[in-house]
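Hi,

Here is the structure I promised to pass on. Have a look at it first, and then read my notes below.

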Amino acid sequence: MAAPELDTLRLLVLVDELGSIGQAATVLGTTQPSASKRLSTVERRLGLVLIDRTRRGSALTPDGRVIVGWAHRVLAELAGLLDGAEALRTRHEAGLRIAASMTLAEHLVPAWIGELNRANPGLRLGLEVTNSDQVAELARAGEVDIGFVESPGTLPGLTSWKVAVDRLVVVVSGAHPWARGRRTLSAAELASTPLVVREPGSGTRETVDTALRKAGVSPVKPLLELGSASAVRNAVVAGAGPAVISALDVTDHALVPVAVEGVDFGRTLRAVWPDGRRLAGPAAELLALAVRRDLDPCPTS
């Protein structure tokens with residue numbers, strides 16, 4: 001059985017509301033003979049008489065009223081679909097979805113977003129803050145327009161662009177033995193000491209492990225695993241143990257930096273988006289703002 005056309009369902013609803021095929025045809029911008037033919041066609045397809053036609057007007061049969069009830073639901077669902085599609089189109093045209101890892105979200109992205117907003121007052125922005133692994137997944141899945149990560153590894157399926165550089169530092173509380181005399185640690189000494197660390201998937205955690213491996217020692221021994229940079233800072237201040245955090249996060253005088261010999265804790269902070277996709281519109285503007293202070297930004301794999 002062929003499904004009725006949407007215009008025919010609208011015609012049936014109008015006949016029910018107006019009590020006249022002619023008036024319903026006028027509302028839809030067609031002729032009465034054309035409307036009558038369309039209604040006869042749908043009655044044949046359904047095998048039902050839907051309308052009683054009399055000289056005084058047209059009225060729905062009991063079967064016609066049932067069909068019209070269902071037609072109302074179909075048309076309402078269609079209207080919801082069209083409204084939803086319009087909302088999605090508007091979001092893509094006038095919105096920017098961003099994901100950023102913790103350090104970038106706390107220290108750098110807000111300034112970039114603020115400048116972008118000043119240049120585009122009507123722009124709607126959404127920022128999701130999570131760890132670098134999750135940012136990469138969101139970018140690959142197309143759930144954000146652009147992401148910002150601090151992890152040092154390769155990012156399959158993504159194009160990346162340097163936006164800033166950062167350096168990690170070892171910090172302890174003022175009461176920790178390493179704070180006395182400010183002596184320099186060896187790579188082996190740091191690797192053998194349990195540390196307060198971020199969770200697996202964090203760019204900071206990955207950077208620390210990679211740097212220690214390059215220095216020829218074992219990766220971090222976790223003392224505590226915490227889900228944010230602020231939680232790590234607070235734990236160090238409270239005396240839980242040493243940590244390796246971004247230099248951008250050393251904002252508390254209660255944190256004492258400790259030098260480490262033979263370990264390179266420098267890292268590149270990157271913007272990411274899916275391979276094969278060219279950034280355009282607000283996403284491209286945001287990237288331009290992020291790299292503007294870099295002397296020679298270049299895409300990386």
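**Helix H2 and its two sides**

On H2, the exposed residues Thr26 and Val27 sit on the face turned away from the helix's buried side. Before I go on, please keep in mind that this is a predicted model.

The buried side of H2 (residues 21-28) is made up of Ile21, Gly22, Ala24 and Ala25. Looking down the axis of H2, these buried residues fall within an arc of 165°, so they line one face of the helix. Their packing partners are helix H1 (6-18), helix H3 (32-46), strand E1 (51-54) and strand E2 (57-60).

At its start, a side-chain oxygen of Ser20 comes to within 3.3 Å of the backbone nitrogen of Gly22. After H2 comes Gly29, which has a positive phi, near 75°.

**Helix H6**

Which residues are buried in helix H6? Within residues 109-119, they are Val109, Trp112, Ile113 and Leu116. They cover an arc of only 95° around the axis, which puts them on the same side of H6.

**The largest pocket**

The largest pocket has a volume of about 180 Å³. Its lining consists of Glu150, Ser151, Pro152, Thr207, Thr210, Ala211, Lys214, Asp264, Gly266, Arg267, Thr268 and Arg270. Helix H9 (203-214) and strand E13 (266-274) each contribute at least two of the lining residues. Sorted by class, the lining has 5 charged, 5 polar and 2 nonpolar residues.

**Glu150, one of the lining residues**

I would zoom in on Glu150, which belongs to the pocket lining and is found in the loop between E5 and E6. Is Glu150 buried or exposed? With a relative accessibility of 1%, Glu150 counts as buried, because the cut-off for buried is under 20%.

The side chain of Glu150 makes a polar contact of 3.2 Å with the side chain of Thr103, and another polar contact, at 3.3 Å, with the side chain of Arg267. Arg267 also lines the pocket. Leaving aside neighbours within four places in sequence, the residues in contact with Glu150 include Ser101, Met102, Leu104, Ser132, Gly203, Thr204, Thr207, Thr268 and Leu269.

Happy to talk any of this through once you have had the model open for a while.

Best wishes

Technical notes
Residues are numbered from 1 along each chain as its sequence is written. This is a predicted model: local features need pLDDT of at least 70, side-chain atom pairs count only at pLDDT 80 or more; totals for chains, interfaces and linings use all residues. Side-chain values use heavy atoms; hydrogens and water are left out. Buried means under 20% relative accessible area, exposed over 50%, partly exposed in between (1.4 Å probe, protein chains only). Helices (H or I, at least four residues) and strands (E, at least two) are DSSP runs, numbered from the N terminus. The arc is that of the directions from the helix axis to the C-beta atoms. On a 1 Å grid over the protein atoms alone, a cavity is a set of points where a 1.4 Å probe fits but cannot get out, and a pocket is an open set with protein on both sides within 12 Å along at least five of seven lines; lining residues have an atom within 4 Å of a point. Grid points are joined across faces, edges and corners, and a volume is the space filled by probe spheres set on the points. Ala, Val, Leu, Ile, Met, Phe, Trp, Tyr, Cys and Pro count as nonpolar, Asp, Glu, Lys and Arg as charged, and the others, Gly among them, as polar. Contact means heavy atoms within 4.5 Å. A polar contact is a pair of N or O atoms within 3.5 Å; within protein, one must be able to donate a hydrogen and the other to accept it, and residues adjacent in sequence count only if both atoms are side-chain atoms.
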